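Thanks for coming. I have a few minutes on one structure, so please look at the display first.

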Amino acid sequence: QLWRNDYKTSVKKNPSTFVNLFNHTKSYSHANKAQYMDAKTYMNFDILSKVDGASMCHSLEVRTPFIDKNVWEFATTIPEDFNISNKSGKWQGKLLLKQLLMKDFSEDFIYRKKQGFAIPLSKWFLNDNQLIQHVNDKLLSSTSLLNEYFEPEKIKEFVNANNSGVLWLLLYLEEWLRQFHSTNAD
């Protein structure tokens, strides 16, 4: 939807990397498909790079023991029934690991709500008038570098819909384009 007509034919709808990886999982269960795709894409190109960058920035040596190749390979051999359950409509994962941890940690700790690296985008975009104005100034201006690649009317639809995840990506891309263009201009 976003791409200008000049670029639509250049942009593939299904990047071959993801398609090839997903095709590899045809015989896998749904859970194993998700784990495989996470290990081959999301972990490498998102979560681990965030941990690596943030830790290096603060001179920290960080270890992620559960993604050690041998641990991961072993974990993929654990039968799904031993590791995942759906009791009373609530999915529970890492059952064996949690059972092992029960001897050393409290139940509250082991079954606490998962915390990720999420940025509170929806709070920012819904509650910060300055940020909303900044989004409008950056993304809807005639000088926006996104206009070279994307349909301005579609950008406006996304801004009006206030989808914080999409707006964050567009702002990030706009800033990257500005820095890239200014670096190449020098």
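This is a predicted model: local features need pLDDT of at least 70, side-chain atom pairs count only at pLDDT 80 or more; totals for chains, interfaces and linings use all residues.

Let me start with the core. Which residues of the largest nonpolar core touch the most other members? They are Phe125, Val135, Leu139, Leu146 and Ile155, out of 15 residues in that core. Helix H8 (121-127), H9, helix H10 (152-161) and H11 are the elements that give two or more residues to this core. H11 gives the most, with 4 residues. As general background, nonpolar side chains in soluble globular proteins tend to be buried together.

Take Leu139 as an example. You will find Leu139 in helix H9, which covers residues 129-139. Is Leu139 buried or exposed? Its relative accessibility is 1%, so Leu139 counts as buried. Setting aside residues up to four places away in sequence, Leu139 touches Ser144, Leu146, Ile155, Val159, Leu167, Leu170, Leu171 and Glu174. Pick out Leu171 from that list: Leu139 and Leu171 are 32 residues apart in sequence, and their C-alpha atoms are 7.0 Å apart in space.

Leu146 also has contacts beyond its neighbours within four places in sequence, namely Leu139, Ile155, Leu170, Leu173, Glu174 and Leu177.

Next, Ser164. Ser164 sits in helix H11, residues 164-185. Because its relative accessibility is 15%, and buried means under 20%, Ser164 counts as buried. Beyond its neighbours within four places in sequence, Ser164 is in contact with Leu121, Ser122 and Phe125.

Now the aromatic rings. How many aromatic pairs does a search of the whole structure find? The search finds 6. One of the pairs is Trp3 with Tyr7: the ring centres are 6.2 Å apart and the planes are at 50°, so this pair is tilted. Trp3 counts as partly exposed, at 30% relative accessibility, and Tyr7 counts as partly exposed, at 25%. Tyr7 also pairs with Tyr149, with ring centres 5.3 Å apart and planes at 50°, so that pair is tilted.

Why does the pair of Tyr7 and Tyr149 tie together parts that are 142 residues apart in sequence? Because Tyr7 lies in helix H1 (residues 5-8), whereas Tyr149 is in the loop between H9 and H10. Ring pairs link Trp3, Tyr7, Tyr149 and Phe150 into a cluster.

One last item on rings: Arg112 lies over the face of Phe109, 4.3 Å from the ring centre.

That is where I will stop.

Definitions and conventions: Residues are numbered from 1 along each chain as its sequence is written. Side-chain values use heavy atoms; hydrogens and water are left out. Buried means under 20% relative accessible area, exposed over 50%, partly exposed in between (1.4 Å probe, protein chains only). Contact means heavy atoms within 4.5 Å. A nonpolar core is a set of buried Ala, Val, Leu, Ile, Met, Phe, Trp, Tyr and Cys residues joined through side-chain atoms within 4.5 Å. Rings of Phe, Tyr and Trp (its six-membered ring) pair if their centres lie within 6.5 Å; planes under 30 degrees apart count as stacked, over 60 as edge-to-face and the rest as tilted. A charge sits over a ring if NZ of Lys or CZ of Arg is within 6 Å of the ring centre and within 35 degrees of the ring normal.
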